[in-house]
Amino acid sequence: MVEDRLRYELHFHAIVQTSVVRDSNKVTQIFQENLARFTSDPLHQLPADLPDFTGRQEELERAIALLTTATPSGEAAQEASASHVGITAITGMAGVGKSALAIHVAHQLKQDFPDAQLYVNLRGTESQPLAPLDVLAGFLRAWGMDDPSMPDELTERSQLYCSFLAGKRVLVVLDNAHDSVQIRPLLPDSSSCAVLVTSRKRLAALEEATLLDLDVLPEPEALELFQRLIGVERTQAEPEAAQQIIHLCGRSPLGIRLTGGTIRNHPQWRLEDYVLDLTQEQQRIAQQRLSHQDVRASFASSFKQLDEISARLFRLLGLLRGQNFSPTIAAALLEFEPVTAEQFVKYLVDLQLLEPASVGRYCLHDLVRLFAKEQLAIEEPTEARQAARLRAARCYMETSEIVNLALKPETRHSLAQALIEGKHQSLEAAEQSWFLGALNWFQLERMNLLAAIEWAYQAEAWDIIVPLASNLVNFFNIYADYADWERTHLLALEASRKLSDRPGEAQTLTNLGNVYALHSAWETARESYEQSIAIFGELEDRLGLAKTMGNLANVYCQQDDWEKASEFYQQSRVLFSELGDRYGEAQTLANMGIFYLKQSQEAEAGVLWQEALTKLPPNLPKFERVAEWLELIQKSNPVSEISQGSAQTSGQTGVKLWSPLELARNAFQWFRRT
């Protein structure tokens with residue numbers, strides 16, 4: 001049946017549609033700071049390799065051998081039994097360099113596993129390790145799978161994940177694992193794949209894994225790393241002090257890096273003086289009976305040498321929940337200009353307190369993050385912490401408003417025009433690039449964006465919650481993240497009522513109706529739309545009325561209430577026509593066509609879709625979808641009253657048979673493929 005391929009499309013409220021024209025300089029700045037350097041390939045996820053990785057040659061060669069000999073290539077990979085997957089687990093104490101070695105190994109194996117290198121920090125040492133169900137969702141999204149297509153049960157979702165990886169050359173890096181229970185659902189079942197795990201635990205229950213137990217660095221390698229950080233001349237000038245320092249650091253790569261980074265930035269220091277400082281810190285920490293004493297002494301000594309601004313930034317970074325961050329958010333935390341804040345970020349990188357995560361983004365080692373949180377609790381008053389959270393939340397609100405422009409077809413075109421003005425670049429390529437960059441940004445910042453709404457709610461900063469929640473709607477829609485969509489908008493609804501913000505309340509009710517409609521909660525959707533229409537009517541907001549009436553008509557149509565559906569479609573169409581909104585009118589016409597098709601009135605549906613095509617810009621995906629529907633009617637109803645001219649027009653599009661929401665949700669995969 002033709003109608004089985006069709007889905008109603010909702011009218012999302014275009015809050016920021018005019019901002020491309022209104023402030024093109026601001027738009028350009030935000031996109032260049034946050035999106036310009038993102039990769040367009042979501043299947044190659046490895047963090048940056050350490051440029052000065054030192055030592056571990058024996059472990060490196062063994063890990064590479066274990067992972068490559070266990071995985072056949074070429075035709076053998078297709079024919080090999082799925083019963084054996086190469087799994088190597090790097091274990092050892094905190095700060096010993098497990099993650100650094102795993103990432104270095106993975107970079108060496110890129111050509112051996114060209115189809116994908118999947119990476120996740122499982123946060124196994126934190127209070128809330130990542131749940132396997134959520135990790136699988138992230139991996140499946142990278143393959144272009146939308147959330148509604150994912151099974152809710154862990155076993156079924158794991159099987160679906162395995163089916164994507166079957167026969168492909170994929171390396172899966174599971175960093176910082178909590179235990180084998182967390183790991184097992186994430187293991188492929190194809191022998192063409194390999195898995196590299198890191199954990200502080202020995203993972204005895206993971207019998208099929210080959211363990212690679214990592215110890216502290218041998219003394220020559222520890223000294224070599226220290227020399228590479230501070231220079232050979234300084235270590236040769238004070239060889240005994242250099243030996244004492246690496247031993248006071250426990251020959252831990254993390255401790256040596258932190259200490260070496262600090263000393264490198266103070267060329268006037270004598271190593272002998274720093275030995276005394278480290279010794280005193282170790283004694284103090286031993287008296288407090290704190291864990292990881294060797295590494296903590298390095299943390300404390302490095303932290304003491306920071307200037308006031310760098311120390312405050314380091315502490316405030318402990319607030320963030322995401323795995324990495326951009327200098328833009330560092331600027332918000334400090335209340336500095338982004339260029340100035342980035343200088344302090346790079347200074348912390350020089351000191352080894354921060355690590356590059358990818359181009360333009362940074363992260364903290366899990367032990368360093370813990371230390372930052374401790375310093376935050378000790379030195380930042382509650383009021384200061386709350387103020388910093390709100391600055392971050394407001395930054396995310398403003399940035400997401402602009403980045404959201406790239407997710408919407410109706411604004412992406414004008415956005416790309418503004419960004420490439422004066423440049424020799426294809427408009428189509430620019431649209432695709434910014435779309436992928438925007439998706440990547442929302443995905444990377446997802447945890448921080450959700451946290452920002454919580455922070456604003458806790459602080460009763462209602463003016464942040466409503467627009468920030470609305471800015472996330474297109475992202476939630478593409479990934480079909482209905483749970484977060486509903487949760488954030490229930491908070492936004494409360495916030496709008498606290499503010500007596502009637503326009504915000506009406507908009508939030510419309511967005512809630514949309515998410516309820518998308519998972520077929522028709523009655524709840526109807527109630528939300530009706531409340532929204534009442535408020536838009538009070539405000540005499542004709543555009544809000546036009547959009548929400550069209551959405552309510554979709555609900556009545558799904559409930560087979562033809563009379564009410566027809567009434568609200570007609571009202572929506574008239575309002576759009578009077579407003580001169582050709583795009584909104586075309587969308588209503590498209591939905592009306594589905595309405596008539598459900599009643600077996602193919603000719604009427606075709607006429608409406610033909611009219612919709614006259615009002616839609618041909619460069620938009622919606623034009624292609626409506627043209628496709630016309631083509632489908634012609635194929636399934638050869639003796640149709642639809643004109644041959646319409647059929648020829650639709651036939652020229654060459655579009656694939658996707659439903660409207662399928663195209664939106666699978667846009668990530670579609671753009672990558674094209």
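Reply: What follows is a walk through selected features, from the overall picture down to single residues. Keep in mind that this is a predicted model.

Me: Start with the whole chain. How many helices and strands does the protein have?

Reply: There are 35 helices and 7 strands. The protein has 674 residues, and 57% of them count as buried. Look at contact range too. Take contacts between residues at least 6 apart in sequence: 72% of these join residues at least 24 apart.

Me: Now the sheet. What is the order of the strands in the open sheet of 5 strands?

Reply: General idea first. Strands of a sheet pair through backbone hydrogen bonds, either parallel or antiparallel. In this open sheet the order is 2-3-4-1-5, and the pairing is parallel. Strand 2 and strand 5 (210-213) are the edge strands, each pairing on one side only. From one strand to the next, the twist averages 15 degrees.

Me: Which helix packs on the sheet, touching strand 1, strand 4 and strand 5?

Reply: Helix 3 (residues 57-69) does. The strands touched are strand 1 (86-91), strand 4 (194-199) and strand 5. The direction of helix 3 makes about 170 degrees with that of strand 5.

Me: Take strand 2 on its own. Which strand does strand 2 pair with, and over how many bridges?

Reply: Strand 2 pairs with strand 3 (residues 170-177), in the parallel sense, over 6 bridges. Glutamine 117 has leucine 171 of strand 3 as its bridge partner. Asparagine 121 has aspartate 175 of strand 3.

Me: On to helix packing. At what angle do helix 6 and helix 7 pack?

Reply: Two packed helices are described by the angle between their axes and the distance between the axes. Helix 6 (residues 132-142) and helix 7 (residues 154-165) pack at about 30 degrees, with axes 10 Å apart. That angle makes helix 6 roughly parallel to helix 7. Their crossing is left-handed. On the helix 6 side, the contact is made by Pro132, Leu133, Leu136, Ala137, Phe139 and Leu140. Helix 7 contributes Leu154, Arg157, Ser158, Leu160, Tyr161 and Phe164.

Me: Give me a second pair. How do the axes of helix 29 and helix 30 cross?

Reply: The axes of helix 29 (residues 562-579) and helix 30 (residues 582-598) come within 9 Å and cross at roughly 160 degrees. The two helices are therefore roughly antiparallel to each other. This crossing is left-handed. Helix 29 makes the contact with residues including Trp562, Tyr569, Arg573 and Phe576. From helix 30, the residues in contact include Glu585, Leu589, Met592 and Phe595.

Me: What about helix ends? Which residue caps the N-terminal end of helix 15?

Reply: Aspartate 307 is the cap. One of its side-chain oxygens lies 3.1 Å from the backbone nitrogen of isoleucine 309. Helix 15 covers residues 308-316, and its buried residues include Ser310, Leu313, Phe314 and Arg315.

Me: Now a single side chain. Where is serine 400, and which side chain joins it in a polar contact?

Reply: Serine 400 sits in helix 19 (residues 382-403). Its relative accessibility is 0%, so serine 400 counts as buried. Its side chain makes a polar contact of 3.1 Å with the side chain of asparagine 471. Leave aside neighbours within four places in sequence, and the contacts of serine 400 are Trp441, Phe442, Leu449, Leu468 and Asn471.

Me: Last, the backbone. What phi does glutamate 335 have?

Reply: Most residues other than glycine have a negative phi, and most peptide bonds are trans. Glutamate 335 has a positive phi of about 60 degrees, although it is not a glycine. Glutamate 335 lies in the loop between helix 16 (327-334) and helix 17 (338-350). At 58% relative accessibility, glutamate 335 counts as exposed.

Me: And glutamine 352: buried or exposed?

Reply: Glutamine 352 counts as buried, because its relative accessibility is 16%. Its phi is also positive, near 70 degrees. Glutamine 352 is in the loop between helix 17 and strand 6 (355-358).

Definitions and conventions:
Residues are numbered from 1 along each chain as its sequence is written. This is a predicted model: local features need pLDDT of at least 70, side-chain atom pairs count only at pLDDT 80 or more; totals for chains, interfaces and linings use all residues. Side-chain values use heavy atoms; hydrogens and water are left out. Helices (H or I, at least four residues) and strands (E, at least two) are DSSP runs, numbered from the N terminus. Buried means under 20% relative accessible area, exposed over 50%, partly exposed in between (1.4 Å probe, protein chains only). A polar contact is a pair of N or O atoms within 3.5 Å; within protein, one must be able to donate a hydrogen and the other to accept it, and residues adjacent in sequence count only if both atoms are side-chain atoms. Contact means heavy atoms within 4.5 Å. Two strands pair if DSSP finds at least two bridges between them. Axes are lines fitted to C-alpha atoms, for helices over the stretch in contact, and angles run from 0 to 180 degrees between N-to-C directions. Angles under 35 degrees count as roughly parallel, over 145 as roughly antiparallel, 65 to 115 as roughly perpendicular and the rest as oblique. A crossing is left-handed if the near helix is turned anticlockwise from the far one by less than a right angle, and right-handed if clockwise.
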